[in-house]
Amino acid sequence: MIHDLKILPVHFHAVKFGKKRAELRKADRNFSVGDTLNLREWTEKDSYTGRVVDARITHVCDVGEYAPGYVMLSFFLLQ
């Protein structure tokens, strides 16, 4: 499954250059190991920049005990 997700520029940059390998996300989708994340850079002015990084989920951690309704997604870049 492919998930199109917004990501702010500061986080986008960290992912793109390999400094960030996990995302804390609302558990509002059926995230699974092997799914693809299309992380689309989103500005605070409510618009996409056109920059995208693709990543593959390697682990889904239910952090609901600490952050109800959220999961931690570990991933590696596909590009």
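## Glu41, a buried charged residue

Glu41 lies in strand 3, where strands are DSSP runs of E with at least two residues and helices are runs of H or I with at least four, both numbered from the N terminus. At 7% relative accessibility, Glu41 counts as buried; the classes are buried under 20% relative accessible area, exposed over 50% and partly exposed in between, with a 1.4 Å probe and protein chains only. This is a predicted model, in which local features need pLDDT of at least 70, side-chain atom pairs count only at pLDDT 80 or more, and totals for chains, interfaces and linings use all residues. Residues are numbered from 1 along each chain as its sequence is written, and side-chain values use heavy atoms, with hydrogens and water left out.

What do the side chains of Glu41 and Thr49 share? They are joined by a polar contact of 2.6 Å, and another of 2.8 Å links the side chains of Glu41 and Arg51. A polar contact here is a pair of N or O atoms within 3.5 Å; within protein, one must be able to donate a hydrogen and the other to accept it, and residues adjacent in sequence count only if both atoms are side-chain atoms. Leaving out residues up to four places away in sequence, Glu41 touches Ile7, Pro9, Phe12, Ser47, Tyr48, Thr49 and Arg51, where contact means heavy atoms within 4.5 Å.

## The sheet and its helix

The protein chain has 1 helix and 5 strands, arranged along the sequence as β-α-β-β-β-β. The 5 strands form an open sheet of mixed pairing, in the order 1-3-4-5-2; two strands pair if DSSP finds at least two bridges between them. Strand 1 (2-7) and strand 2 (22-26) stand at the edges with a single partner strand each, so one side of each is left without a neighbour in the sheet. From one strand to the next, the twist averages 45 degrees.

Strand 3 (residues 36-43) and strand 4 (residues 47-62) run antiparallel and are joined by 7 bridges. Within this pairing, Asn38 stands opposite Asp54 in strand 4. Helix 1 (residues 9-16) packs on the sheet, touching strand 1, strand 2, strand 3, strand 4 and strand 5 (70-77), and its direction makes about 140 degrees with that of strand 3. Axes are lines fitted to C-alpha atoms, for helices over the stretch in contact, and angles run from 0 to 180 degrees between N-to-C directions.

## The nonpolar core

The largest nonpolar core has 13 residues, and those with the most contacts inside it are Val15, Phe31, Leu37, Leu39 and Leu73. Strand 1, helix 1, strand 3, strand 4 and strand 5 each supply at least two residues of this core. Such a core is a set of buried Ala, Val, Leu, Ile, Met, Phe, Trp, Tyr and Cys residues joined through side-chain atoms within 4.5 Å. Not counting residues up to four places away in sequence, the partners that Phe31 touches include His3, Leu5, Leu37, Ile57 and Leu73.

## Arg29 in its loop

Arg29 lies in the loop between strand 2 and strand 3 and is partly exposed, with a relative accessible area of 36%. Beyond its neighbours within four places in sequence, Arg29 is in contact with His3, Asp4 and Leu5. Its side chain reaches the backbone oxygen of Asp4 at 3.4 Å. Arg29 and His3 are 26 residues apart in sequence and 8.6 Å apart in space, C-alpha to C-alpha.

## The chain as a whole

Buried residues make up 32% of the 79 residues in the protein chain. Its C-alpha trace spans about 35 × 25 × 25 Å along the principal axes.
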